[in-house]
Structure formats: C-alpha cells, structure tokens
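User: I have a new model to read. Where do I begin?

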Amino acid sequence: MLEKFRVENCPDYVYYIQNFLTVEEENLLLKSVYNVPQTKWTQLSRRRLQNWGGVPHHNGMIPEAIPQWLQTWIEKVAGFQVFSHLPNHVLINEYKPNEGIMPHLDGPLYSSTIATINLGSHTVLNFYKSEKRDKIAFSLFLEARSLLIQQGDMYENYLHGIDERSEDVIDNSMVNVHNNDLISQSLKRGTRVSLTIRHVQKISKIKIKLGR
Ligand SMILES: O=C(O)CCC(=O)C(=O)O
Ligand SMILES: [Fe+2]
C-alpha cells in the first residue's frame, strides 16, 4: 500500500506522502494543538514542544491518556500497517523561522518506525552518517500537510537535524524532490508544527493515582 510513496536514493526505508491532510484538516489539527493549556508547552531555546502519552524515560514511561484529536491521527497513520505496535506517544514540535534541531539520533527508547505529520510550513530535514556529523549525507523536503514515515536503517543509523534558517534553497540533495521547477527556488519558512508519532517500548508499571 505504501510502496508507491517509497523514496529512493536514501537508505531503507522512507515513505513520503504529499497532501496527506487537506487544508481543512490541517487547520483543525493546528487549532487543537494551539488550544491546549499553556502549561502543556515546554519552551526550549530553539523550539517549543508538547509531549503526549507520557514522558519517555529509560526506567519506563508512565503512560498518560492521549486526547481523541490526536488518537484519531495515530489511528489513521497506523492504518498503513507500518507499526508493529500501535503508537503510544506523540511529540509535537513548533519551529519559528530561524529555529531548528541539532543533528541527533532518537535512540532506543522508541521502536524503529516513526511517522511525522507536517503542518503550517515546509522545512528541510537533513541526515548525517553517524560518524560524520559535519557533512549532510542527503535531505528531505517536508511540505506542509505531508506525512513522512521512516524505518529501519534510516532510523537507526542516520542522525537527523534541521538547520536554523529563515529560508531554504531547494536542490538535488533533497532526495524526494521530483519536480524540477522547484530546484533552485528559495522558500521562506513560516511557523512549522510537526507531530512525531512513535511507539515507546518501555512502559512503567507504576500507576499514578489521580487525587479524588
Ligand atoms: O520536527 C521534526 O520533524 C523533527 C523532530 C525530531 O527530530 C525530534 O523531536 O526528535
Ligand atoms: Fe529526532
């Protein structure tokens, strides 16, 4: 089912689905993201984030209920049958222009399939061979309303990061760009919201009793 979305010229496996969401769905989802209490946001120096499902921890994540507006999207993405377990965690990141994320690996807290819903603005996700952080191996051009699925070698062995810039020049290092009209175009970034949907492997048995 996903085969026609497979991205070539990069390690196994990457799937990229343009217009996975309609504009209406994008607006509704953004509305839900911005409708949460301010205390749900964690402000970092170069982005802010919301953790849903619990905070992953090497001793085990203490599970928290995921709201229906997110669960709906978890189930839509799981419909592609790429996950061996139903995802139990969503990390929402918000990047303003000139914000990004340093090259990193997501590590063993998560199972090795990850889905990203992209909202609000394009960005460019860069990949690095673990031993060579200084040189970009290849990149993906992520458009608003798209879905990215990564698995296996791609997830386990390549660092990923987003440069802190206000615009991106599209070039041939972006392995999922097939429209030659885009090459050399300079695109201004807006505010991007990404939803990273994953399965956290280790769950704590401790149940938090809610007061009452
Ligand atoms: O915003 C993105 O697409 C990347 C987020 C990310 O790499 C992370 O939170 O670990
Ligand atoms: Fe990451």
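Analyst: We will go from overall build to the nonpolar cores. Keep in mind that this is a predicted model.

User: How many helices and strands are in the chain?

Analyst: The chain holds 3 helices and 13 strands. Its radius of gyration is 17 Å, close to the 17 Å from the globule rule for 212 residues, so the chain is as compact as a globular protein of that length. Along the principal axes, the C-alpha trace spans about 60 × 35 × 35 Å.

User: What share of the residues count as buried?

Analyst: Here buried means under 20% relative accessible area. By that cut-off, 50% of the 212 residues are buried. The accessible surface is about 11500 Å², and carbon and sulfur atoms own 50% of that.

User: Which residues touch the most other members of the largest nonpolar core?

Analyst: First, the general idea. In soluble globular proteins, nonpolar side chains tend to be buried together. In this chain, the largest nonpolar core has 30 residues, and F20, I117, L147 and L195 touch the most other members. Elements that each supply at least two core residues include α1 (23–34), β6 (113–119) and β13 (192–198). The largest share, 5 residues, comes from α2.

User: What is L147 in contact with, leaving aside its neighbours within four places in sequence?

Analyst: L147 contacts Y15, Y16, I17, F20, V77, F80, A115, T116, I117 and N118. Another core lies apart from the largest one; it has 16 residues, among them F138, L142, L148 and M154.

User: And how many charged side chains are there, positive and negative?

Analyst: The chain has 24 positive and 22 negative side chains. The centres of the two sets lie 9 Å apart.

Conventions. Residues numbered from 1 in each chain as written. Chains lettered and ligands numbered in written order. Predicted model: local features only at pLDDT ≥ 70, side-chain atom pairs only at ≥ 80, totals over all residues. Heavy atoms only, no water. Helix = DSSP H or I, 4+ residues; strand = E, 2+ residues; numbered from the N terminus. Rg over C-alpha atoms; globule rule 2.2 N^0.38 Å. Buried < 20%, exposed > 50% of the residue type's maximum accessible area, 1.4 Å probe, protein only. Areas by Shrake-Rupley, 256 points an atom, 1.4 Å probe, with all protein chains shown as cover. Lys, Arg positive; Asp, Glu negative; His and termini not counted. Charge placed at Lys NZ, Arg CZ, Asp CG, Glu CD. Core = buried A, V, L, I, M, F, W, Y, C linked by side-chain atoms within 4.5 Å. Contact = heavy atoms within 4.5 Å.
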